[in-house]
Amino acid sequence: MKKIYFDHAATTPVDKRVFEKMVPYFTEIFGNANSQHAFGREAVSAVDEARDTIAKLINCKPSELYFTSGGTESDNWALRGVANAYKNKGNHIIISPIEHAAMLVTAKALEKQGFKVDYMKVDEYGFVDLEHLKSIMTDKTILVGCMLANNEVGTIEPIAEIAKIAHEYGALCFTDAVQAAGVLKIDVKELGVDLMSMSSHKIYGPKGVGALYIRNGVKVDSIITGGHQERTKRGGTTNVAGVVGFGEAFKIAVSEIDKNFEYVSGLRDHFIERVLKEVPYVKLNGPRENRLPANADFSFKYIEGESILFSLDLAGISVSSGSACSSGSLEPSHVLLALGVPEGLAHGSIRFSFGKHNTIEEVDYAVDVLRDSVKRLREMSPLFKIQGDIKNV
Amino acid sequence: MYNEKVMDAFKNPKNVGEIENADGVGLVGNESCGDIMQIFLKIENDIIIDAKFKTFGCAAAIATSSTATEMVKGMTVKEALELTNKKVVETLGGLPAQKIHCSVLAEEAIKKAIEDYQSKKA
Ligand SMILES: Cc1ncc(COP(=O)(O)O)c(C=O)c1O
Ligand SMILES: [Zn+2]
């Protein structure tokens, strides 16, 4: 059976060009970037080259970019690092309710340490309510954190405006650009953010490597303490091959940004159109405009997400369910709940995220399988009969 | 995460549907917790002669519905009341730990259907 991958928001395959570029850094140019000899110098120059490449493409100085082990570490570092460095100034942090777990769980941990965390409101499409944000800013607010684009429903947030509000109140602004960097054009100066997270594996780069942009002048305590790597801010022997791969992946992503956006969003739009036409009782989550090109997140009434996921899986199609019964907690996706999707409907949600290697034939096949699977599961569902004729969603 | 038996029961579940004029019907779970199960029983001379189900839920919930309805067919009411989710899970060759709660629904739905039968009879 042919395997079809529609889960690019979870991770992407490494681009062959990226892989080729990484290969020598495992066996030949294997030096420790911290060593002073020739092997070390070779490694360090490869790391510097990647740093220069990425810095230039997001419009910051290389000295403002720090390599990490990925988006999760960057999010942790930004949140914990700013909280600790500015705790004498204030103890108030504001984030959005639709952040990745890397942010939400970290914010909860900071609350235990005495920080006060508030959540900005989002509307039914996931857009932050700027007026509400203004109303909860205080002179104790040290950080406002919001993702640039949401990983489930794809909403692209008005970060420049959020940053402006944060700065008016003397707070810093952080954005998690893990889903956006390399997919949307990003200029940290235009956004006006003080810190920004990125990750390599969402843009056809290797897993386990990412970066945090920290604007010059912003204080951030270290969370990974150790050696003098990353200008003494982040200890640990640099993942040279990973960093080289990240740099190359980012370079390729940015150089092909328009082409990929057009192609992937074309697949996605075709998919959305067919699903809305051919599958009854379905709700598209997130906005139609200002949305990441790859994501299509649907709630299917009367059926549960995991059973849809495995029905597709049996036909070779890999997708993601924000549903919950799988995670052991009985909570459905926190993102959908924040958007006001009712619990029952949120349980029946599936995220399709397309990529540059997908084809229109794969998309059409998936719609056919999806339509049949949904029909079969609804025939099995007691809710379809009990509530079925009540109303369309 | 699921073994082959579970996936097979999910893929080709037995006893899907409703029984008209069922002698006992049990509906358990709710939409907000993600699994709802409805079991229909046909009972004659205290023996379950037919069982069908409708389930809103994950693959584990659907697989356990299928297996539990298979298991109770031919049982006396008393035997069916003693059917535990543990036995259903065993018959399926095991479920991932975080999915055990889904199998409890099958046991509860059967108990509820039998209660319904007994209250109608009384
Ligand atoms: C928005 C967002 N932030 C953070 C992360 C975590 O990134 P990583 O997998 O590199 O740790 C992800 C991906 O899972 C994400 O989608
Ligand atoms: Zn379940």
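Author: Start with K202(A), and with its side chain. A polar atom there lies 2.8 Å from an oxygen atom of ligand 1. Now find H100(A). An N or O atom in the H100(A) side chain is 3.2 Å from an oxygen atom of ligand 1. On its own, ligand 1 has 400 Å² of accessible area, and the protein covers 86% of that.

Keep in mind that this model is predicted. The predictor gives the complex an ipTM of 0.93 and a pTM of 0.94. For chain B, the average pLDDT is 94, and 98% of the residues score at least 70.

Now step back to the whole surroundings. Ligand 1 has 13 residues around it. Five of them come nearest: G71(A), T72(A), D176(A), S199(A) and K202(A). So much for single residues; next, the elements. Helix 4 of chain A spans residues 71-85. This helix gives the shell around ligand 1 its largest share, 3 residues.

What classes of residue make up the shell? There are 8 polar residues, 3 charged and 2 nonpolar.

Last, look at the space itself. Ligand 1 takes up the largest pocket.

Terms used: Residues are numbered from 1 along each chain as its sequence is written. Chains are lettered from A and ligands numbered from 1 in the order in which they are written. This is a predicted model: local features need pLDDT of at least 70, side-chain atom pairs count only at pLDDT 80 or more; totals for chains, interfaces and linings use all residues. Side-chain values use heavy atoms; hydrogens and water are left out. A residue is near a molecule or strand if one of its heavy atoms lies within 4 Å of it. A polar contact is a pair of N or O atoms within 3.5 Å; within protein, one must be able to donate a hydrogen and the other to accept it, and residues adjacent in sequence count only if both atoms are side-chain atoms. Accessible areas come from the Shrake-Rupley method with a 1.4 Å probe; for residues, only the protein chains shown count as cover. On a 1 Å grid over the protein atoms alone, a cavity is a set of points where a 1.4 Å probe fits but cannot get out, and a pocket is an open set with protein on both sides within 12 Å along at least five of seven lines; lining residues have an atom within 4 Å of a point. A molecule sits in a cavity or pocket if more than half of its atoms lie within 2 Å of its grid points. Helices (H or I, at least four residues) and strands (E, at least two) are DSSP runs, numbered from the N terminus. Ala, Val, Leu, Ile, Met, Phe, Trp, Tyr, Cys and Pro count as nonpolar, Asp, Glu, Lys and Arg as charged, and the others, Gly among them, as polar. pLDDT is the predictor's confidence in each residue, from 0 to 100.
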